[in-house]
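Please keep the sequence and the model in view while reading.

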Amino acid sequence: MDAIELLLTRQSSPRLVAPAPDESQLTTILNAAIRVPDHGGLNPWEFIVSSGDGLDKLSQLFVKAAAADGGDEATLAKVANMPRRAPMVITVVAKVVEHPKVPEIEQHLAVGCACMAMQQAAFALGLGGIWRTGGLAFNAQLHQDLALGANDQIIGFMYLGTPAVTAPIKPTKSAENFVRYL
Ligand SMILES: Cc1cc2nc3c(=O)[nH]c(=O)nc-3n(C[C@H](O)[C@H](O)[C@H](O)COP(=O)(O)O)c2cc1C
């Protein structure tokens, strides 16, 4: 796929089914993630890949996290099902370090770029993905169970797989409304 075509037609796929990215596709997706601009070359990221049994583990961690937050039965059932919405979920974590020139926001942005690159790579490979967050990204119990540090932040749960339906490409928006020139 042409690079400009990719940039202008990328879109999310909320409904994802098997197959998940295979080993080689996953390598490509992760290599795209770590190719992004990274001020100071800090590599401020970690990618926690869940597929197969890993999705059951993630589901259990989601339930434990929502329960710690006081979630009711309906909420627990909902979060239990979340990781089953795709054959692979990659939890993308910003591992923030103290740095004299690279503030936390820039490290978060770099990891956000990594999320975007992963989705674009999946799209270019004929796969699909959607970047999700929600309250669980900020849930202290989940952070603890994933062994995240005090300064770490989940920037996204990247759901990856094969689009369940071939959605029409959404119309192109015009950037004109969001631009001004000096
Ligand atoms: C930081 C971030 C968090 C997001 N979290 C969610 C989410 O929790 N649930 C959701 O449905 N979409 C979420 N989205 C939006 C989707 O990823 C997606 O961009 C949106 O559905 C629009 O679709 P499109 O990418 O095809 O334009 C998030 C996007 C970003 C950048």
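**A walk through the chain**

Pro19 sits in the loop between strand 1 (16–17) and helix 2; helices (H or I, at least four residues) and strands (E, at least two) are DSSP runs, numbered from the N terminus. The model is predicted, and local features need pLDDT of at least 70, side-chain atom pairs count only at pLDDT 80 or more, while totals for chains, interfaces and linings use all residues. Residues are numbered from 1 along each chain as its sequence is written, and side-chain values use heavy atoms, with hydrogens and water left out.

The peptide bond that joins Ala18 and Pro19 is cis, with omega about 5 degrees. Two other backbone features concern phi. Asn43, in the loop between helix 2 and strand 2 (45–51), is a residue other than glycine with a positive phi, near 45 degrees. Ala147, in the loop between helix 6 (140–145) and strand 5, is not a glycine either, yet its phi is positive at about 60 degrees.

The cut-offs are under 20% relative accessible area for buried, over 50% for exposed, and partly exposed in between (1.4 Å probe, protein chains only).

The whole chain has 6 helices and 5 strands. Their order along the sequence is α-β-α-β-α-α-β-α-β-α-β. Helix 1 covers residues 3–9 and includes Thr9. Thr9 counts as buried because its relative accessibility is 19%. Apart from residues up to four places away in sequence, Thr9 touches Phe123 and Ile169, where contact means heavy atoms within 4.5 Å. Thr9 and Thr172 are separated by 163 residues in sequence, but their C-alpha atoms are 7.7 Å apart in space.

Helix 2 holds Gln25, which has 19% relative accessibility and therefore counts as buried.

Asp69 is in the loop between helix 3 (53–68) and helix 4 (73–81). With 63% relative accessibility, Asp69 counts as exposed. Between the C-alpha atoms of Asp69 and Leu136, 67 residues apart along the chain, the distance is 9.5 Å. Met82 is in the loop between helix 4 and strand 3. With residues up to four places away in sequence left out, Met82 touches Phe62, Leu136 and Tyr159. A separation of 69 residues along the chain goes with a C-alpha distance of 25 Å for Met82 and Asn151.

Which residues touch the most other members of the largest nonpolar core? They are Ile29, Ile90, Val92, Met118, Met158 and Leu160, in a core of 22 residues. A nonpolar core is a set of buried Ala, Val, Leu, Ile, Met, Phe, Trp, Tyr and Cys residues joined through side-chain atoms within 4.5 Å. Two or more residues come from each of helix 2 (23–33), strand 3 (88–94), helix 5 (104–124) and strand 5 (153–163). Helix 5 gives the largest share, 8 residues.

Neighbours within four places in sequence aside, its contacts are Met88, Val89, Ile90, Val92, Cys115, Met118, Gln119, Ile130 and Trp131.

The remaining values describe the chain as a whole. Of its 182 residues, 40% count as buried. Among contacts between residues at least 6 apart in sequence, 80% join residues at least 24 apart. The C-alpha trace spans about 50 × 45 × 35 Å along its principal axes. The radius of gyration, taken over C-alpha atoms, can be set against a globule rule of 2.2 Å times the number of residues to the power 0.38. For 182 residues a compact globule would have a value near 16 Å, and the chain, with 17 Å, agrees with this.
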